[in-house]
Amino acid sequence: MTYDPTTHQPRTFHDAVPRFLAGQDTPRDYLERCIATIEAREPEVQAWMALNLEGAREAADAATARYRAGRPIGPVDGMPTGVKDILQTHDMPTSLGIAGNENARTRQDSASVWALREAGAVILGKTVTTELGGAHPSKSRNPFDVRRTAGGSSSGSGAAVGAGMVPAALGTQVVGSIIRPAAFSANVAIKPSFGALHRGERQGLSQSCLGVHAGAVEDMWHVAAEIAARAGGDPGHPGLGGTLAPPPPRRPARLIVVESEGWEATGAPTREAFADLLRQLADEGVELLRRGDNPLIESFERSILDSVTMSMGLVAFENRWGQANLLRLFPGQLSDTTMAQMDHANGMTVSDYRDLLARRAEARLRHAAIAPLADGIVTLSCTGPAPLLEDIVHRPTGRTGNTGFNAWTSLLGCPAVTLPLLGVEGMPVGVQLVGQPQQDEAVVAMARWLGATAKPVVR
C-alpha cells in the first residue's frame, strides 16, 4: 500500500457530525465501518491488544439516540477511540505491553479515559504498546508497508489511525513515543506541553505526557480539549489552554528551522522533500531563520544536541524502582531491551541524575531565549520513512526508529504537532511544528494553516 500524501484519505470524525445531526448517518453505522476496517486490516497490521465490541456498540447506540434527539454531549460524542495499552480501562485489560500480562485488569479508568467516556466517546479497544512503553519493538506493523516498523511506543495507536481503523487514539510520550509513530503512519498528532493533559496513574516520569493521534487536526484538538475540560491537566498544572473549538488557522510570520541531532541521520530524499516544503513556506511570506542567522539559535541547537542520551538517562533513573518491582513480578519475562535499561539505571548515581537535570534546565533556558525571535519552530518529525523491521531488530538501541527529532521536545516540555505532509519513497514522513510551553493552541493554529496551505511533497 504505497503512501501518497496528495491522495491519502484518513478516517475523520468531525465532518461526520453534521450527517448525524441531519439523520443521514449514525454513530452506530460509523462504528460498524471502523470495525469492518479492523476486520480487514488487523491480521497484518496488528494494532490492537484488546477490543470491546459489545461495549462499543452499546456506547454508539447511546450516542445515536442523543443525536436523534438533537442533544449530543459534544464534538466527540460517538467517536470510536483507541486507548494505548499503558493507560487503564475498567472494562479491558491493561497489559503494559508485557508478554504474559495480557489479561491483567485494574478495573479502573485512567483520567483521560474517564473524561472521554463522560464526553460520549466510544472506547473501542486497547492499542498495542511496546513493553512498558520502552524501546523493545511491539507486534504492530506499519499500515503502509507491513515489512516496516510502526514505531514506538504508541505503535498501535499510530497504526490504527494510519490504517483508518479509528479517527483518533490516545498515545503517551517520554522521548519520542507519540510524534514519531504518528509520523511513520501518516497521522496528525499532538504531544502537548508537559502537564497539559491529565496522565492519570502515569505520574512518575518527569517528561511523560499524554497526547492524541488522529486523522485530522480538528479531531485531534477535540479529543485533547474534551479531556482537558473534564480531567484538567496533571496535578499542579493549569492544563491545556484554549477553547473547546479548534483555534482558527493562523499563518506564522517567522519560524526557526531546527536541525537537532536528527539531521545527521536524515537521508537525502527526506532532506530534499523538507527543503521543498520550506520553499513553499517562504513563498507564502513566512520568514525562516536558521542556526547561522542568530547566536541564540546556535546556542539552542547546541544545548539539545545530546537530547536522546539525556532523555534516556533521565527515564532510566526515574524508572529504576518501578522496574525493580516489575522484575520481581515478572521474573524471566522482560525483554533484553528492558533489562539493558535497568542495567543502565543501576549504574547511575544521584549525582548523574542531577547533572542531567541541570543540562535539561539549561536547554529550557536556551529555548526560552529564542522565543522573541519567531512564532515557533519547524522541523522534521522523523529522520525518514519507517525503517524495515529486518534492519532494526538486532540493534541494541533505536529498535523502533531514531528519536533525534523528538527527544528534545520531550526534554523541553513544549508542545509539538506533526502533520503528514511528505511522501518519501512511498512512505509517510511527518513535519513538526513546535512552540513554547503552554502555547499549544498557537501551535495548533499554525498547524491548521500549514495543513490547509502547503502542497504535500512527494519524493
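**Close-up 1. Arg28, a partly exposed partner in a salt bridge.** With a relative accessibility of 26%, Arg28 counts as partly exposed. As in the other views here, you are looking at a predicted model. Find Glu32 next: the side chains of Arg28 and Glu32 meet in a salt bridge, with 2.8 Å from N to O. Glu32 has a relative accessible area of 25%, so Glu32 is partly exposed too. Both residues belong to helix H2, which covers residues 27-45. Arg28 and Glu32 sit four residues apart, or about one turn of the helix. Side chains of opposite charge can pair when their charged atoms come close.

**Close-up 2. Asp145 and Arg148, a buried pair.** Asp145 forms a salt bridge with Arg148, and their closest N and O atoms are 3.1 Å apart. Are these two residues buried or exposed? Buried means under 20% relative accessible area. Asp145 has a relative accessibility of 13%, so Asp145 counts as buried. Arg148 is buried as well, with a relative accessible area of 14%.

**Close-up 3. Arg302 and Glu298 in helix H9.** Here Arg302 forms a salt bridge with Glu298, and 2.9 Å separates the closest N and O atoms. Both partners lie in helix H9, made up of residues 295-303. Arg302 and Glu298 are four residues apart, about one turn of the helix. Arg302 is exposed, with a relative accessible area of 59%.

**Close-up 4. Helices H10 and H11 cross.** Helix H10 spans residues 307-329, and helix H11 spans residues 336-346. How do the two axes meet? They come within 8 Å and cross at roughly 110 degrees. Angles of 65 to 115 degrees count as roughly perpendicular, and H10 and H11 are therefore roughly perpendicular to each other. The crossing of H10 past H11 is left-handed.

**Close-up 5. The residues where H10 meets H11.** On the H10 side, look for residues including Met312, Ala316, Phe317, Arg320 and Leu327. On the H11 side, the contact residues include Thr338, Met339, Met342, His344 and Asn346. By class, the contact of H10 with H11 has eight nonpolar, six polar and one charged residues.

Key: Residues are numbered from 1 along each chain as its sequence is written. This is a predicted model: local features need pLDDT of at least 70, side-chain atom pairs count only at pLDDT 80 or more; totals for chains, interfaces and linings use all residues. Side-chain values use heavy atoms; hydrogens and water are left out. Axes are lines fitted to C-alpha atoms, for helices over the stretch in contact, and angles run from 0 to 180 degrees between N-to-C directions. Helices (H or I, at least four residues) and strands (E, at least two) are DSSP runs, numbered from the N terminus. Angles under 35 degrees count as roughly parallel, over 145 as roughly antiparallel, 65 to 115 as roughly perpendicular and the rest as oblique. A crossing is left-handed if the near helix is turned anticlockwise from the far one by less than a right angle, and right-handed if clockwise. Contact means heavy atoms within 4.5 Å. Ala, Val, Leu, Ile, Met, Phe, Trp, Tyr, Cys and Pro count as nonpolar, Asp, Glu, Lys and Arg as charged, and the others, Gly among them, as polar. A salt bridge is a side-chain nitrogen of Lys or Arg within 4 Å of a carboxyl oxygen of Asp or Glu. Buried means under 20% relative accessible area, exposed over 50%, partly exposed in between (1.4 Å probe, protein chains only).
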